Amino acid sequence: MKISYTWLKDYIQLEESPEEVSKILTQTGLEVGSIEKVETIKGGMEGLVTGLVVTCAKHPNSDHLSITTVDIGTGSLLPIVCGAPNVAAGQKVVVAPVGTTLYIGDQELTLKKVKIRGEVSEGMICAEDEIGIGTDHDGIIVLDDTVEIGIPAKEYFNVESDWVIEVDLTPNRIDGASHIGVARDLAAFINQTRPAAFKRMPVDMFKTDNNDLEIPVEIRNPEACPRYAGVTLSGIKVKESPAWLKNRLKAIGHTPINNVVDVTNFVLFETGQPLHAFDAAEIAGKKVVVQTVPAGTKFTTLDEVERGLHEDDLMICNTKEPMCIGGVFGGLTSGVKESTTSIFLESAWFDPVYIRKTARRHGLNTDASFRFERGTDPNGVIYALKRAAILIKEIAGGTISSEIQDVYPMPAEHFKVQVTYKNIARLIGKDLGAETIKKILTSLEIDIESETEKGLSLAVPPYRVDVKREADVIEEILRIYGYNNVEIPSVVKSSLQVSVKPDPDQVRNLVSEMLTSQGFNEIWSNSLTKSMYYEGMEQYRHENTVNLLNPLSADLNGMRQTLLFGGLECIAWNANRQNKDLKLYEFGNCYFFKGTELKEQPVRNYHEEEHLGLFITGAQTSESWAMEQKPTSFFHLKSIAENILKRMGYTIAQLQLSETKNELFSEGISYIENNKTVLETGTVAKRFLKKFGVENPVYYADFNWNAVMLKLARHKVLFEELPKFPAVRRDLALVVDKQVKFREIEEIAYKTERKILMETGLFDVYEGKGIPEGKKSYAVSFVLRDDLRTLNDKQIDKTMQKLVAAFERDLGAQLRK
């Protein structure tokens with residue numbers, strides 16, 4: 001929301017600079033994002049003055065230049081060489097003396113004293129395009145003979161400089177989405193140190209000139225439109241707006257259109273109340289009907305897009321057809337045109353939910369919908385209507401040709417709130433005193449209905465949609481009093497808290513550092529996702545998705561059940577930008593609807609789990625002349641995932657490993673402890689890669705982080721002395737059936753020798769010449785060590801024989817010769 005400092009001073013007398021105003025607004029909850037100086041003409045015509053051409057003669061060394069002397073009111077004449085064909089003695093002109101900076105298009109030109117064809121020139125006589133008031137360069141600007149010599153050009157052309165303060169509005173502070181709203185907060189704050197008040201422009205002069213064009217209003221859906229008002233103006237002339245109005249709108253980045261539309265926009269940014277002007281000639285039946293229409297009805301909006309309407313879209317209609325999407329966007333044919341001579345001016349209060357849903361359905365976000373969907377002032381409808389009608393009559397002429405039609409069947413009531421002085425002091429941490437509190441509340445237009453020794457009974461105006469509780473009122477008091485004005489107490493009162501062990505944040509940071517050190521980047525994907533991703537899935541069923549009742553869009557209408565889809569979106573986005581070699585990880589929650597309806601405890605219908613997802617794709621190492629680039633693999637991810645499990649207290653040998661049945665993977669492994677899946681890792685199924693347009697294989701590991709944290713909480717770190725005696729390694733080449741996995745060999749080895757077998761590793765797999773069909777060769781290493789004594793050959797040989805016998809018995813393995 002952009003606020004003009006100059007415009008703001010129409011409603012409040014300010015002694016503070018724009019920078020000071022920005023600080024005050026930020027302190028009061030209207031955070032200022034930026035402050036910028038703007039001018040109606042770039043450079044503000046600084047340095048330009050009016051002058052009189054005293055003499056004009058042909059340049060002796062040029063057939064198209066003239067030598068002039070110009071009086072700019074300094075007591076001496078400036079010699080200026082001019083190339084304009086229309087320059088002549090006796091003309092009043094615009095002069096840029098030496099040192100003036102001109103902005104011509106995107107270029108800056110600072111004038112210097114120069115010689116042109118041998119003649120001294122100390123400035124420039126300017127054309128329209130050289131000072132930014134037009135595009136004509138055929139000749140210099142010739143001013144009226146009555147113009148005084150030596151006055152700044154910016155005064156003659158009424159050039160305005162202004163400061164634009166950009167306020168980053170939060171959704172609850174829509175009351176600050178106008179100049180009057182900002183002025184109200186400023187006045188309330190400043191009033192604590194000096195008398196200050198804001199004012200609204202008077203509308204007492206509003207009166208009906210005649211009743212020549214009565215257009216009645218009917219509301220058929222009062223739930224969606226609790227209040228609708230309108231008035232007609234006839235005999236108007238649609239034309240360009242006056243300079244003051246255009247300058248106001250330009251200052252806040254709004255493009256002027258015509259005098260009628262500009263007034264409605266001006267009043268919108270002044271009061272926060274959206275308005276709309278209809279061409280009265282386009283209102284069939286001379287009646288306005290506020291209603292919904294059948295689903296599928298076609299309607300063409302101002303942007304010339306034909307839209308299919310929803311049955312809940314609120315429409316402003318005539319007796320035959322819709323004219324406007326209420327509170328959102330106007331129609332193509334019903335708006336104000338150059339030929340318009342009479343208008344119906346609308347001011348309404350629409351239900352925020354209806355407007356928000358309609359705007360989202362049609363992908364529209366307008367200044368009007370922005371305000372209506374957050375809540376406008378129902379009691380400001382008539383003021384804004386009168387204000388606009390007065391301005392249109394003043395600027396466009398014509399007459400007010402009807403009484404105000406105001407349909408308001410159920411007037412909005414003020415919010416009744418009780419506050420106690422005790423709670424105010426308790427929450428703020430300081431006793432402000434009753435008079436200070438009442439002064440602040442009154443300055444915020446909060447009515448004090450009654451007062452007791454203990455507190456106040458208040459009536460909060462309905463435009464303050466965020467102030468409905470005692471705590472809300474106390475927050476209002478504090479933000480105006482000033483957070484910085486509450487002294488830091490000498491005694492700190494706090495409750496003792498027991499920190500969770502292990503600390504989840506520290507554990508996440510530990511794992512993050514492990515992954516980052518191995519080249520991984522952390523991603524944060526949206527927990528809102530497309531529910532259609534889960535259509536046709538078995539493990540993550542579509543009906544188990546937690547759906548939103550009022551989604552922002554169809555792409556964000558459900559809560560994720562897995563981290564995979566967010567990761568694939570990220571991989572696809574990067575791959576499309578030539579970044580295909582990726583290592584990513586994400587901590588995030590996954591959400592599940594249990595598919596039951598527990599009315600007494602509805603929260604139990606839902607389940608939430610924290611997961612850690614790892615993703616790798618593309619090449620394993622970056623491209624380099626020093627080494628060959630290899631594609632990444634499932635085994636690379638598997639080793640990383642197992643290292644995390646080990647760091648979290650798991651012993652891999654004690655976990656149950658099985659082939660994953662998760663449909664997210666085409667192949668992979670599940671790590672299970674006590675019938676609970678801790679980790680699933682594997683190759684992402686091609687049908688999901690195809691859905692996201694990912695071409696390279698993607699390997700994914702999914703940790704159930706809740707289970708991991710429970711394990712870590714029970715895990716105890718024990719100290720052991722470093723071994724005093726050396727370890728011995730022996731290798732075996734075992735020929736086994738193809739379906740035998742190394743995991744089976746490892747399990748048999750540890751069962752057979754529990755005392756001195758320390759490690760088992762696989763360092764080669766071979767199939768081919770010399771190996772029978774249906775077989776493969778595993779080269780397996782065994783590390784043996786006795787912590788009490790040095791192993792001798794007899795003990796080592798005996799252990800290896802036991803292992804070979806176990807492999808032959810259980811797996812049918814043979815030693816490779």
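Arg-577 lies over the face of Trp-573, 3.8 Å from the ring centre, and Arg-729 sits over Phe-763 in a like manner, at 5.1 Å from the ring centre. For a charge to count as sitting over a ring, NZ of Lys or CZ of Arg must be within 6 Å of the ring centre and within 35 degrees of the ring normal. The model is a predicted one, in which local features need pLDDT of at least 70 and side-chain atom pairs count only at pLDDT 80 or more, while totals for chains, interfaces and linings use all residues. Residues are numbered from 1 along each chain as its sequence is written, and side-chain values use heavy atoms, with hydrogens and water left out.

Rings of Phe, Tyr and Trp (its six-membered ring) pair if their centres lie within 6.5 Å; planes under 30 degrees apart count as stacked, over 60 as edge-to-face and the rest as tilted. One of the pairs joins Tyr-533 and Phe-565, whose ring centres are 5.3 Å apart with planes at 55 degrees, so this pair is tilted. Tyr-533 belongs to the loop between β29 (528–529) and β30 (558–559), and Phe-565 to helix α15 (residues 564–575), so the pair ties together parts that are 32 residues apart in sequence. Here helices (H or I, at least four residues) and strands (E, at least two) are DSSP runs, numbered from the N terminus. Both Tyr-533 and Phe-565 are buried, where buried means under 20% relative accessible area, exposed over 50%, and partly exposed in between (1.4 Å probe, protein chains only). Another pair is formed by Tyr-585 and Phe-587, with ring centres 6.3 Å apart and planes at 85 degrees, so it is edge-to-face. Tyr-585 counts as buried because its relative accessibility is 2%, and Phe-587 is buried with a relative accessible area of 12%.

Next come the open spaces. Rolling a probe the size of a water molecule over the atoms shows where empty space is left. On a 1 Å grid over the protein atoms alone, a cavity is a set of points where a 1.4 Å probe fits but cannot get out, and a pocket is an open set with protein on both sides within 12 Å along at least five of seven lines; lining residues have an atom within 4 Å of a point. Grid points are joined across faces, edges and corners, and a volume is the space filled by probe spheres set on the points.

The largest pocket has a volume of about 1100 Å³. Of the 32 residues that line this pocket, Phe-635, Lys-638, Leu-657, Ile-669 and Arg-743 are the closest to its centre. Elements giving two or more residues to the lining include α16 (634–647), β34 (665–673) and α19 (742–752); α19 gives the most, with six residues. By type, the lining of the largest pocket divides into 13 nonpolar, seven polar and twelve charged residues (Ala, Val, Leu, Ile, Met, Phe, Trp, Tyr, Cys and Pro count as nonpolar, Asp, Glu, Lys and Arg as charged, and the others, Gly among them, as polar).

The second largest pocket has a volume of about 600 Å³. Its lining is made up of 30 residues, and those closest to the centre are Val-261, Asn-265, Leu-275, His-276 and Leu-302. Helix α7 gives the most to this lining, with four residues. The lining of the second largest pocket comprises 16 nonpolar, eleven polar and three charged residues.

Helix α7 also holds Phe-269, which is buried, with a relative accessible area of 6%. Leaving aside neighbours within four places in sequence, Phe-269 is in contact (heavy atoms within 4.5 Å) with residues including Met-1, Trp-7, Leu-249 and Arg-371.

A few single residues complete the picture. Lys-711 is placed in helix α18 (residues 705–714) and, at 17% relative accessibility, counts as buried. Arg-117, in the loop between β9 (114–116) and β10 (119–121), has a positive phi near 55 degrees although it is a residue other than glycine. Asn-674, which is not a glycine either, has a positive phi of about 55 degrees and is found in the loop between β34 and β35. Arg-117 is partly exposed at 47% relative accessibility, whereas Asn-674 is exposed at 67%.
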